[in-house]
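Have the viewer open as you read.

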Amino acid sequence: MTDTAQPSSATDPALLDALREQVQGALPTTIADLSALVRIPSVSWSAFDPANVRASAEAVADLARSTGVFGADDVRIVRSAVDGDTADAETSGAELGQPAVLAVRPARNGKPTVMLYAHHDVQPQGDDALWETPPFEPTLRGDRLYGRGASDDKAGVMTHIASLRAIHAQFGDDLDLGVVLFVEGEEEFGSRSFRTFLREQKEHLAADVIVVADSDNWSVDVPSITVSLRGNVTFKLTLTTLEHASHSGMFGGAAPDAMIPMVKLLASLHDDAGSVAVEGLTSYEADVPSRTDDELAVDAALVAGVRPIGTGEVLSRMWFQPSITVTGMDVPSVANASNTLLPSVSARVSVRVAPGQDAREAYAAVERHLRAHVPFGARMEITEPDSGDGFLVDTAGWAVQEARTAMREGWGAEAVEQGIGGSIPFVSDLAAEFPEAQILVTGVEDPDTRAHSPNESQHLGVLHRAIASEAILLARLATRS
């Protein structure tokens with residue numbers, strides 16, 4: 001890798017103009033390629049057909065070859081063993097993760113190497129009735145392309161592909177910049193083979209700069225560099241009070257059904273203001289831009305009359321404080337409810353951990369709280385735990401300065417440094433495996449994207465500007481002296 005302390009050189013204005021023209025001219029092709037990816041229902045969860053994820057990986061590999069940056073043999077589809085399993089999965093029968101795409105172009109003449117990360121798998125579509133258009137049929141309405149994965153993160157994939165096409169059009173075979181394209185296939189399913197993949201492919205993945213295109217922007221007109229990510233902890237919580245269901249009229253009022261302690265236990269996780277009330281969960285202290293409760297109500301689509309929860313600055317609550325959400329429960333549906341005491345109830349609990357706190361430490365704090373507050377002697381089980389650490393970006397590095405400049409030239413606006421309330425746990429894995437690399441977390445989403453939700457969409461103006469910015473960033477890296 002190159003000497004990361006070298007100063008940057010200004011980018012030739014003629015090159016910038018040529019890159020902008022290239023990106024603009026290729027935009028219809030880029031949108032068509034994005035639409036083709038959206039049509040592939042590449043849900044990586046275990047209950048869905050893995051053939052679709054394989055088809056998506058093959059499509060991404062073809063797109064990587066189409067950039068001209070990589071030779072045909074430089075692009076591979078790779079599967080690694082699920083973390084904790086044997087690395088020799090192909091011969092041992094160990095469980096394999098979903099297919100990733102890896103393409104490598106070595107650096108020449110002392111130039112740096114950049115790794116471009118995105119993921120080609122998507123969330124399940126959920127309830128089709130909530131979609132205004134079919135989730136896997138890309139639909140253009142106004143300036144937005146609708147469809148599952150249109151933004152998260154197939155637009156991230158196309159940002160890399162389109163920027164590489166633009167760079168190749170200008171540099172051709174004279175490009176000395178090292179490029180690693182890594183498009184994961186199971187980010188939405190917990191990146192289960194990610195650490196194994198990093199260990200196995202470490203020699204090919206080593207880079208001076210890592211660009212993770214899987215985050216948000218301040219608005220459709222103002223870009224962002226994500227400088228903090230919360231960690232996450234998830235688990236299944238089960239409470240049992242009865243050996244079997246019993247008639248609620250005969251025993252209700254004396255025998256506790258499982259829902260009573262579950263409701264009380266879950267309620268104990270928050271105080272009356274809605275702030276997390278678990279001893280041992282920490283917050284991170286940093287200044288945040290101002291955002292009012294009224295603005296939050298619009299952005300988060302609060303129903304009229306609903307008040308925000310928590311205390312302190314709105315963005316501090318979302319970026320730097322812990323949060324706890326019950327994302328699902330196993331109980332009878334209202335339509336199938338009978339007059340019985342429930343013997344057992346399960347809930348899926350999701351904890352967002354403030355950046356700077358170890359996720360395992362946070363899990364231990366939540367577990368202690370639950371065990372100390374379980375009511376009526378209910379039998380409690382915690383299963384299926386999963387966790388990932390948050391991340392704080394070092395904004396003093398030269399790569400962040402290069403990204404700011406590229407965004408200003410590509411967007412025509414200064415980038416906002418922002419935190420993200422969501423989690424991208426593998427970023428801390430990248431930092432641990434490549435401690436000398438500078439990590440940039442960028443993205444193509446905006447406040448109206450609705451990633452993971454029905455009617456997900458990609459703003460095409462944001463896509464255009466994101467591609468232009470990344471192409472300019474690559475050009476600046478390629479011309480560093």
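How many bridges join β9 to β13? There are 10 of them, and the two strands run antiparallel. Before going on, some ground rules.

## What you're looking at

This is a predicted model, so to speak of local features a pLDDT of at least 70 is needed, side-chain atom pairs count only at pLDDT 80 or more, and totals for chains, interfaces and linings use all residues. Numbering starts from 1 along each chain as its sequence is written, and side-chain values use heavy atoms, with hydrogens and water left out.

On pLDDT (the predictor's confidence in each residue, from 0 to 100), the chain averages 93, and 95% of the residues score at least 70. One stretch to treat with care is residues 2-8, where pLDDT stays under 50. For that stretch the model has 16 contacts beyond four places in sequence, a contact being heavy atoms within 4.5 Å.

## The chain as a whole

The secondary structure comes to 14 helices and 18 strands. Both are DSSP runs numbered from the N terminus: helices are H or I with at least four residues, strands are E with at least two. Along its principal axes, the C-alpha trace spans about 80 × 55 × 45 Å. With 481 residues, a compact globule would have a radius of gyration near 23 Å, and the chain's 24 Å agrees with that; the radius is taken over C-alpha atoms, and the globule rule is 2.2 Å times the number of residues to the power 0.38.

Of the 481 residues, 53% count as buried. Buried means under 20% relative accessible area, exposed means over 50%, and partly exposed is in between, with a 1.4 Å probe and protein chains only. Among contacts with a separation of 6 or more, 82% come from residues 24 or more positions apart.

## The four-stranded sheet

Back to β9 and β13. They belong to an open sheet of 4 strands in the order β11-β13-β9-β14, with antiparallel pairing; two strands pair if DSSP finds at least two bridges between them. The edge strands are β11 and β14, each pairing on one side only. Direction ignored, neighbouring strands of this sheet are turned by 20 degrees against each other on average. Angles run from 0 to 180 degrees between N-to-C directions, and axes are lines fitted to C-alpha atoms, for helices over the stretch in contact.

Zoom in on β13 and you'll find 7 of its 10 residues buried. V233 has V351 in β13 as its bridge partner, and T238 stands opposite S346 in β13. S346 is also the bridge partner of D330. β11 is joined to β13 by 7 bridges, and these two run antiparallel.

## Helices on that sheet

Helix α8 (residues 259-267) lies across β9, β11, β13 and β14, running at about 155 degrees to β9. α11 packs on the sheet too, touching β9, β13 and β14, and its direction makes about 165 degrees with that of β14.

Which residues of α8 are buried? They are P261, M262, L265 and L266. These four cover an arc of only 125 degrees around the axis, which puts them on the same side of α8; the arc is that of the directions from the helix axis to the C-beta atoms. What covers them includes β9 (231-240), β11 (323-330), β13 (344-353), α11 (359-373) and β14 (379-388).

## The three-stranded sheet

Another open sheet has 3 strands in the order β4-β5-β18, with antiparallel pairing. β4 (139-141) and β18 (457-459) stand at the edges with a single partner strand each, so one side of each is left without a neighbour in the sheet. The twist averages 25 degrees from one strand to the next.

Between β4 and β5 (residues 144-146) there are 3 bridges, and R141 has R144 in β5 as its bridge partner. Helix α14 (residues 460-478) lies across β4, β5 and β18, at about 60 degrees to β18.

## A look at V314

V314 is found in helix α10 (residues 314-319). Is V314 buried or exposed? It's buried, with a relative accessible area of 4%. Leaving aside neighbours within four places in sequence, V314 is in contact with R291, T292, D293 and L296. The C-alpha atoms of V314 and R291 are separated by 6.0 Å, with the two residues 23 apart along the chain.
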